[in-house]
Every structure is written in C-alpha cells, then in structure tokens.
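Colleague: I would like a close look at one part of this model, and then a careful walk through some other parts of it.

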Amino acid sequence: MQRIPEEKIDEIRSQVDIVDVVGNYVQLKKQGRNYTGLCPFHGEKTPSFSVSPEKQIFHCFGCGKGGNVFSFLMQIDGLSFVESVKKVADLAHIPLDVAISQGDSAPGNKPDSQESKMIEIHQLASKLYHYLLMETEEGQEALQYLLDRGMSEQELDHFEIGFAPAHASTVTTFLKKREVDLALAVESGLLTERDDGEVVDRFRNRIMFPIKNDRGQLVGFSGRLFNQEDGPKYLNSPETPIFNKRNILYHFSDARQEIRKKEEILLLEGYMDVISSVSATFSNGVASMGTSLTEEHVQMIRRVTNRAIICYDGDRAGIEASFKAGTMLAEQHRLEVFVLQLPNGKDPDDFIRSEGAEKFAEIYTHQRLTWTAFKLQFFKRNRNLQNETDKIAYLGEALAEIGKLDQAVERELYLKQLGSEFDLSMEALKQQLQQTVVVKPKPHDYGGPPPESYGEYPSYEGDGGPVYEQFSFAQPSGVPSAGLTSEKRLLKYMLEDRDAFIQIRNLLEEHQTDFYHDNYKALYTHLIGFYASGNDANPLALMDQLKDDMARNLVSELEMMTVNTDVSIEEYQDYVQSLTKSSIERDIKEKEQALLTATQQGDIPAALELARTITTMRATMKNTPN
C-alpha cells in the first residue's frame with residue numbers, strides 16, 4: 001500500500017468543505033451552526049444526521065455513524081482510505097500521484113470479495129456489449145435501430161449502450177477466456193444455467209442498458225428487444241446480491257449533482273426517456289427499473305431534494321402511475337410534487353425526439369401542473385360530467401382536495417376555476433367547502449412557530465393552517481449516569497487539547513482509576529498512542545488513523561458535544577473522582593450480589609467477610625468528594 005504523507009492529507013482535507021461533499025449525497029438544511037438532513041446510512045423520517053462545517057465532521061445521532069470527509073466517502077461509496085483521499089484530491093483539484101493497488105481496497109470492497117467480483121464481471125460484459133454494438137457487423141442492425149430513433153453515437157458512448165448477440169454463449173465464451181468463475185457469473189445474473197447444467201448467456205439479441213447503483217457501480221443490465229416480438233420487451237437482471245430493483249433508480253448516481261443544482265428530480269419511466277432528457281439538458285432525470293416507485297426509492301430521493309417532477313407516459317397506465325407515485329411522494333412523504341403532461345399522450349423520449357429540446361423545456365418550466373391541479377384532472381377521468389350524478393361526485397372530490405390547501409390564495413384560485421367550469425357561484429362553493437372539510441385537531445399546539453432551536457417542516461391538516469412538526473436529534477434513551485457523563489467530558493477535553501490529555505492522564509493514574517466502558521477505554525488507548533507519536537491535538541487526523549468504526553463514530557459524537565472551554569484542572573479532578581465513585585458503586589453491587597448468594601447457601605463466614613468489605617467500601621465512597 002502506498003503511504004500518502006500526513007502533510008498532503010492535511011492539505012487535501014483543508015481544501016474541501018465537508019458540507020459540499022456530503023451535500024452531493026444528502027439534502028442538508030442549515031440549523032444553527034450545523035447542517036442537518038436524513039441519514040444516508042439508515043432509513044429514517046426525522047433528521048438525525050448532522051454535519052459541522054466548523055469541525056469538518058459528520059455524525060448521525062440515530063445510528064451513531066460519524067467521521068470526517070474521508071470516512072464519509074469510505075462508508076457511502078465503499079472506498080478504501082487511499083481511494084477516498086484521491087477522490088477528495090480530485091474534488092479539490094490537487095494533484096496526487098498515487099496508484100491504487102489491490103492492497104488499498106476497502107474491507108467491504110476487496111478485489112477478492114464476491115460482490116466486488118460480480119461488479120467486475122459486469123464491467124467486463126458491458127465493455128464487450130458496447131464493442132459489439134459500435135464496432136461489429138453483428139451489431140449493425142441494433143446500432144441502426146438506435147440511430148433511426150434519433151440517438152447519437154455520443155449518447156451511445158456516454159450511456160455505454162451495448163448489444164447482446166443472439167448466440168447462446170457469446171459472453172460465456174468471453175468470460176471463460178478470461179478465466180472468470182462462471183458459477184459466480186451465474187449468481188450475479190449475467191449468465192444462466194440450463195436444466196442439463198450447461199451455462200449460457202442470459203441476454204440474447206437485445207440492446208443492453210447498463211444499470212448502476214447509487215454508488216456508480218455497475219450491478220446489472222436491462223436488455224430491450226428491437227426486431228422481434230417473442231419475449232418481454234425489457235428483460236432485467238434478476239435479483240442478486242448486487243442488484244435489487246427496489247433500491248435502484250436508473251441514472252441516479254450520475255444525476256445526483258444536477259438534482260442538487262436544480263433542487264428537483266425529474267422522474268421518468270424508461271431508459272430512453274432518461275437518455276433523451278439528458279440530451280435536452282435535463283440531466284436530473286432518473287427512472288425506476290420497470291417497477292412502481294418504492295419506499296427505498298423515495299428515501300433516496302428525499303436525501304437529495306424535496307421536489308419531484310413526474311413525467312411519465314401519457315397513456316392510461318402512465319397517468320395512473322403518475323397518480324400513484326405522486327400520492328406516495330406528496331401525501332405520504334410530503335415532497336413538493338409537480339406533473340408534466342405532454343401533448344397527444346406522448347412519452348418523453350418520443351416528444352423530445354419529434355418536437356425538440358426547446359419545446360420540452362418550455363413545458364417543463366412553464367406548463368407543469370401542481371399536484372392539486374393534476375389530481376383535479378385525474379378525478380375527472382372515467383366520469384361523464386354531463387351527468388348530474390357524476391358532476392356532483394366530482395365536485396365533492398375536488399372540494400375535498402381544495403380544502404386540504406393551507407393558503408387562502410390557492411383555495412381561491414381553484415374555487416374560481418371550478419366556478420367558471422361549472423357555472424357556480426363562489427358563495428355556493430365556499431359554503432359547500434365548509435361542509436366538506438372536517439378540520440382535524442392539530443397534533444401539537446405551540447402557540448406560534450416552533451423554537452429556533454428546532455427545524456421546521458410545515459404540514460397541513462384540513463383548513464386549519466400550518467401544523468409544525470418538530471424534529472430534534474435522537475438521543476440515547478434514559479438519563480446518562482454521572483460516570484458516563486464524566487467519561488465523555490474527559491475524552492472530549494483530551495481529544496482537543498494535548499495539555500489536557502497529559503493532566504487528565506496523570507489524574508487517572510494518581511487515583512488509580514480508568515474508563516469503564518469498553519469503547520471509551522479503547523479510544524483512550526488510541527489517544528495514548530496518537531500523542532506518543534508526537535502529534536498535536538487533531539481529531540480529524542486521529543479519525544484517519546482509527547481502523548475501528550466504533551472508535552471513529554465515538555470521536556465524531558464527542559466532537560459534536562458542547563462543553564465549557566474555560567476549564568480548570570479542578571474540574572478535571574471532579575470528573576476523575578466521579579469515575580472513581582462510579583467504580584466503587586459497581587464493586588459494591590457485585591459484593592452485595594455475592595453476599596446474597598453466600599447467605600442463601602448458608603456460608604456464614606463468607607457472608608460476614610463480604611458484609612465487612614461492603615461497609616468499608618461504602619465508607620470509602622462517602623469520603624470520595626462529589
């Protein structure tokens with residue numbers, strides 16, 4: 001493994017703001033001195049993930065993960081330390097002439113791990129498929145089909161589109177020659193095994209779309225028929241250890257930066273829709289893998305944006321899918337949702353290819369429907385508005401939706417539209433609205449906006465105005481003991497001041513006491529070695545040297561703590577004495593349990609000795625200052 005000088009690591013770390021790096025993966029909101037968002041490492045609905053620009057660290061108060069900019073990339077992208085340093089160096093435009101060797105690979109991404117090998121197999125196959133499409137006579141028909149659909153060779157190269165020949169063993173033979181484990185290729189979904197045990201290609205005579213996960217790793221394919229009707233139009237990789245449609249959105253890893261820039265995501269149905277939207281300069285487009293939007297998809301979206309633009313196909317199935325996706329996003333997860341409806345029921349790919357990028361941009365920017373407007377149109381479907389029964393039923397549904405709006409101006413706007421469409425007076429509509437809407441009690445009554453120390457996510461119930469949902473960091477259950485609090489504070493001071501470390505270590509030795517909790521004791525041991533190597537106090541550099549995730553998480557947790565900076569050695573001594581007292585209390589409880597056992601067993605001598613010991617220990621604890 002190549003060693004990067006500490007000075008170079010410090011330089012690279014100092015040139016990049018962790019908020020900018022994390023912001024590419026997590027939608028962050030300023031809250032006081034820090035930024036908060038939904039943790040990318042575990043599913044949650046209340047933000048417990050915090051990033052400190054001042055300390056250049058992150059920490060999740062929900063799952064406990066934490067670290068600096070390097071460890072964030074190591075965990076989110078599965079990189080080794082050297083790989084993460086190189087990635088940050090690239091972001092900072094700092095030259096770093098370091099080659100990544102096999103020994104540099106992260107533990108979860110070793111070259112010999114099964115998942116990593118599966119990804120490598122897919123990368124090999126993708127290069128073969130692309131070559132067969134672009135450079136061979138066998139792929140000419142598929143290439144011409146794509147060109148006739150309006151795709152350029154630049155698009156084909158950018159999206160690495162390929163072609164799988166009709167032969168049963170094209171990829172199989174290719175992988176054999178490279179001594180790839182065919183059983184692993186079968187497990188990865190690229191090949192399949194027949195009943196007679198013969199291993200053959202899964203994808204044949206199809207245009208191939210490589211599929212990447214949210215880390216940008218190639219984990220599967222979707223193959224499209226183009227010159228025959230036999231078989232499903234699209235054939236996706238099966239569910240494997242690296243591929244699951246529930247948590248993959250096509251183009252998401254490449255779109256993430258543009259989503260953050262535009263502050264909205266464009267949800268499409270198909271691969272061709274995404275490719276066309278990118279050609280029209282809408283690189284924030286993604287598509288689900290031929291399945292409805294899932295909870296996992298929504299969590300991915302929520303981490304990068306609060307606004308979704310749905311542009312599905314204009315046919316019946318596409319409209320119903322839009323309603324289903326919008327309901328999940330807007331009403332279950334409270335994202336801001338808009339819907340694009342393209343003329344003549346066209347899908348985005350056909351529309352952009354036939355009408356041009358400018359026309360699509362015009363609709364995207366100026367003709368998007370609000371979620372309420374789309375629902376009002378949706379409720380008209382399958383209703384005969386010339387029939388009085390259908391008309392009254394529709395008006396009831398429409399007024400129920402309008403009643404959910406919090407802004408009086410919005411309600412007025414939609415009521416006027418209804419009045420104009422059905423020749424009804426505003427007075428009658430408002431009267432009906434009052435009868436339709438049942439105002440639900442607010443779950444909280446703060447008597448005004450929530451305190452500034454909390455985030456604000458306004459939601460709305462009935463016609464009663466905004467209901468603010470408080471969120472704060474998830475804290476450990478129960479009240480921490482005095483001993484635990486003392487351990488945290490002592491380690492906090494030792495992390496941030498070398499002189500404090502020396503003073504506290506001397507006090508611990510003088511009182512013949514130590515940290516009780518294993519993870520705190522382990523961090524203390526790391527600190528001893530860190531300072532013994534001549535380092536000054538530097539929590540970020542310490543994190544880089546820690547191999548244990550638990551220790552790194554603890555450092556980030558301690559760094560997020562707020563403590564008195566003007567502290568004396570007497571305060572250190574109080575905390576150390578608290579550790580001593582907690583240790584005696586634990587020993588007394590153990591002796592009391594032993595006394596109970598001795599008494600029950602009739603061992604009078606042992607019981608008397610234990611009783612005398614307990615009395616002595618209580619006297620010692622009584623004389624220990626609080």
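Colleague: In which helix is Ser71 found?

Modeller: Residues are numbered from 1 along each chain as its sequence is written, and side-chain values use heavy atoms, with hydrogens and water left out. The model is predicted, and local features need pLDDT of at least 70, while side-chain atom pairs count only at pLDDT 80 or more and totals for chains, interfaces and linings use all residues.

Ser71 is found in helix α3, residues 69-77, where helices (H or I, at least four residues) and strands (E, at least two) are DSSP runs numbered from the N terminus. With a relative accessible area of 2%, Ser71 is buried; that word means under 20% relative accessible area, whereas exposed means over 50% and partly exposed in between, for a 1.4 Å probe and protein chains only. Leaving out residues up to four places away in sequence, Ser71 touches Phe58, Gly66 and Arg552, a contact being heavy atoms within 4.5 Å.

Pro238, in the loop between β11 (234-236) and β12 (249-250), counts as partly exposed because its relative accessibility is 26%. Its contacts, apart from neighbours within four places in sequence, are Gly189, Arg202 and Phe243. Pro238 and Leu190 are 48 residues apart in sequence, and their C-alpha atoms are 8.7 Å apart in space.

Arg411, Tyr414, Leu415, Leu418, Gly419 and Phe422 are buried in α18. Seen down the axis, these buried residues fall within an arc of 145°, so they line one face of the helix, the arc being that of the directions from the helix axis to the C-beta atoms. Val409 and Ser420, on the other side of α18, are exposed. The buried residues of α18 pack against β17 (369-370), α16 (371-380), α17 (388-402) and α19 (426-436). Asp423, which follows α18, has a positive phi, near 55°.
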